[in-house]
Amino acid sequence: AHDNVVLGGTFDRIHPGHKLLLAMSALAANKRLLIGVSEAALLDKKTLKHIMHPQPLRAARLLHHLHSVRPSVAFQIVPIQDPFGPSIVDRNLQCIVVSRETESGGNSVNRRRVERGLNELVVDVVDLIGPADGDETNKVSSTSLRRASLGKFCLSGIPEDERVAGGEGARDFV
């Protein structure tokens, strides 16, 4: 474990993968867990960004979840407008927690830190939750949860027997 740990992400609609990443991050931190939560331009390429929860709500939900996991750690949640946030300027950090799919981002943070004369961080990689065969078609993600939310919204008020493709009412949403 390390005194000061950092991680970052969008954290829209917290799902089991987030919960694992957050729990491992909280367990890796002895004193402080610094979390950068994406906003602004970082959201531009997100699928269905127009139905994403606002950054303050995402941050509040993170804080609530983290306090239930490890209340003894100080949680600092900050908005970030670039992929690095405070990870490349905070001298007190010792570790960055990343998922397997964002491991290269942790290495990029270290390159930037070295360029600035700061210590490299231990890159703690948390494996993704999913099938053992590596098939990610059914991977739980915030994007899939946004799609599901949109589908529920679009289908509300349409009788179930009319929800099939090409059925009465369905054409209004294609």
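**Salt bridges and their surroundings**

Arg100 and Glu103 form a salt bridge in which the closest N and O atoms are 3.1 Å apart; the term denotes a side-chain nitrogen of Lys or Arg within 4 Å of a carboxyl oxygen of Asp or Glu. The model is a predicted one, in which local features need pLDDT of at least 70 and side-chain atom pairs count only at pLDDT 80 or more, whereas totals for chains, interfaces and linings use all residues. Residues are numbered from 1 along each chain as its sequence is written, and side-chain values use heavy atoms, with hydrogens and water left out.

Arg100 also forms a salt bridge with Asp127, with the closest N and O atoms 2.9 Å apart. This pair links distant parts of the chain, 27 residues apart: Arg100 lies in the loop between E4 and helix H3 (103–115), and Asp127 in the loop between strand E5 (122–126) and helix H4 (142–155). Helices (H or I, at least four residues) and strands (E, at least two) are DSSP runs numbered from the N terminus. Arg100 counts as partly exposed because its relative accessibility is 41%; buried means under 20% relative accessible area, exposed over 50%, and partly exposed in between (1.4 Å probe, protein chains only). Glu103, at 27%, and Asp127, at 46%, are likewise partly exposed.

The count of salt bridges comes to 5. One of them joins the side chains of Arg32 and Asp90 (2.8 Å, N to O). Here, too, distant parts of the chain are linked, with Arg32 in strand E2 (residues 29–38) and Asp90 in the loop between strand E3 (74–80) and strand E4 (95–99), 58 residues apart. Arg32 is buried, because its relative accessible area is 15%, and Asp90 counts as buried at 15% relative accessibility.

What is the nearest side chain of opposite charge to Arg58? Arg58, in helix H2 (residues 55–69), is buried yet has no salt bridge, and Asp12 is that nearest side chain, 4.6 Å away. Lys and Arg count as positive and Asp and Glu as negative, while His and the chain ends are not counted. Not counting residues up to four places away in sequence, Arg58 touches several residues, including Phe11, Asp12, Val37 and Met52; contact means heavy atoms within 4.5 Å.

Met24 belongs to helix H1 (residues 16–28) and is partly exposed, with a relative accessible area of 36%.
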